[in-house]
Amino acid sequence: MAKILDDISRTFSEYLLIPRLTRKGQRADLVDLRTPLAALGKSSDKRFHINVPVVSACMQAVSGTSLSIALARQGGLSFIFCSQAIDTQAEMVRQVKAHKAGFVQSDSNATASMTLEEVMTLMASTGHSTVPVTHDGSATGKLEGIITDKDFWVYEDDLSHTVGEHMTPFKDVIHGEEGISLREANELLHRHKKDCLPVVDTQGHLSALVFKKDYEDHRRHPNELLDASKRLCVGAAINTHDFRERVPALLAAGADALCFDSSDGFTEYQMEGIQWIRDNYGDDVVIGGGNVVSAEGFDYLVQGPGVDFIKVGIGGGSICITREQKGVGRGQASALLEVSERRDAYFKETGRYIPICSDGGLGNDTQIVVALAMGADFVMMGRYFATTEESPTPKTSINGQVYKPYWGEGTLRAQNWQRYSEGMSTRKMVFEEGVDAFVPLAGPLAEVLETTLFKLRSTMVNVGAENLEQFREQAILTLVSEQSVVEGGTSSVFQFNRSREIDDGRWGNSN
């Protein structure tokens, strides 16, 4: 007969943190949220880290190019979904890597013979106001000049004039030569009061562009996650069906980390993929595996060359119905506690630390905090990011409220048969393990994440922790009863919309 576990399958909402001593000088703004994404040795801190413990889920309705850029600027990492053609996923990775590269390849180029009307159309379609002029109109052609939207007046100049008549010719263009450092390029921009610095090779061909706005953008986002070349970091999802073709393309595009996207990672299919990547690309490639919900699953994925991090969670996502459809899964808190305990024991046995990602079961900021206290090194979220401005789905209005579509990778809409067809020859989904829904628009990612991270830092101070490792070590959690949940909310009061009262001049000073 089946083995029955003695424990209860518990969720994050069943726990609260007990405050610990807060020492003098401890403040939320001093808390360090940096956390490892790749496996570490006992004395190693040189592998891949993220600056905040948050990554976005490998989902069509979540991890697009814009959201990946926005999250990396805040210090987190996105995993661009793999339920699409290999070349389109690789192109999305390339777009993120090119967005904030310091030295950016130009994607808007003109020839001297183009008309002003044509270059206006180009500027409007790309959103760029500065366009390099090359001999062949390519991003690497011989640079002949620069034209900006300040070089002509739309309603005064004849738009049939050529670009060559209005551009700044190359001899008058402040430029850098290939090999210049980013600091030297920014110094040139500052000294000559320019917004854009073209960089050319020894033959005068355009090599890259350096923008003042990128320098300013970096100053506004000091926590942004950058690689060694000062480019934004981005991850990419892979599956167990076409990894031999997908992995080389994603690594060539610049992906900083790979992650198997599977509802159940405790399979020989995933181990085969891990082994192939290690055999062909060695230990330097960051690989995430999962999902698992037990110590047994953890032990399987770390054997041999093993993975760098493991995702924990089956059936806990807001649009996931795996538990309902298949009777497979586990309460997210119980799963995370068991796997984290095994991770710590494994570290003591081997000296190899495997970061844990809690994936799913996170309904609010408090549960994110609890997940990190229970042992997760970082959390992966879908719905959370689907509600932001930068998620790839269009806004829609329902009864006066703005929403965004959100669907799971286990839905027919996603058509992600690869994620749910291990061992099957038919390329179709027989039944769904997710739902197709809508989520309310919450606002820009930066604002939403800022609130979450401030809550996290504030809680860590309550526990006397200055970093996430201390937080895990010092956290004491207690189970809560139904009545303590009621007690923790508001009671015996009447709540009203204070902002509306203020707007109506009925609360305080209306001047």
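**Close-up views of a predicted model**

View 1. Strand β12 (residues 206-211) is largely enclosed by the rest of the structure, because five of its six residues are buried (under 20% relative accessible area, with exposed over 50% and partly exposed in between; 1.4 Å probe, protein chains only). Strands (E, at least two residues) and helices (H or I, at least four) are DSSP runs, numbered from the N terminus. Strand β11 (residues 196-200) runs antiparallel to β12 and is joined to it by five bridges; two strands pair if DSSP finds at least two bridges between them. Val 199 is opposite Ala 208 in β12. Five residues lie between the strands of this hairpin, where Gly 204 has a positive phi near 85 degrees.

This is a predicted model, in which local features need pLDDT of at least 70 and side-chain atom pairs count only at pLDDT 80 or more, while totals for chains, interfaces and linings use all residues. Residues are numbered from 1 along each chain as its sequence is written, and side-chain values use heavy atoms, leaving out hydrogens and water.

**View 2. The aromatic pair Phe 79 and Phe 309.** The whole structure holds eight aromatic pairs (ring centres of Phe, Tyr or Trp, its six-membered ring, within 6.5 Å; planes under 30 degrees apart are stacked, over 60 edge-to-face, the rest tilted). The Phe 79 and Phe 309 pair is tilted, because the ring planes are at 50 degrees, with centres 6.0 Å apart. Both residues are buried.

View 3. Thr 388 lies in the loop between α13 (383-386) and β20 (396-398). Thr 388 is buried because its relative accessibility is 0%.
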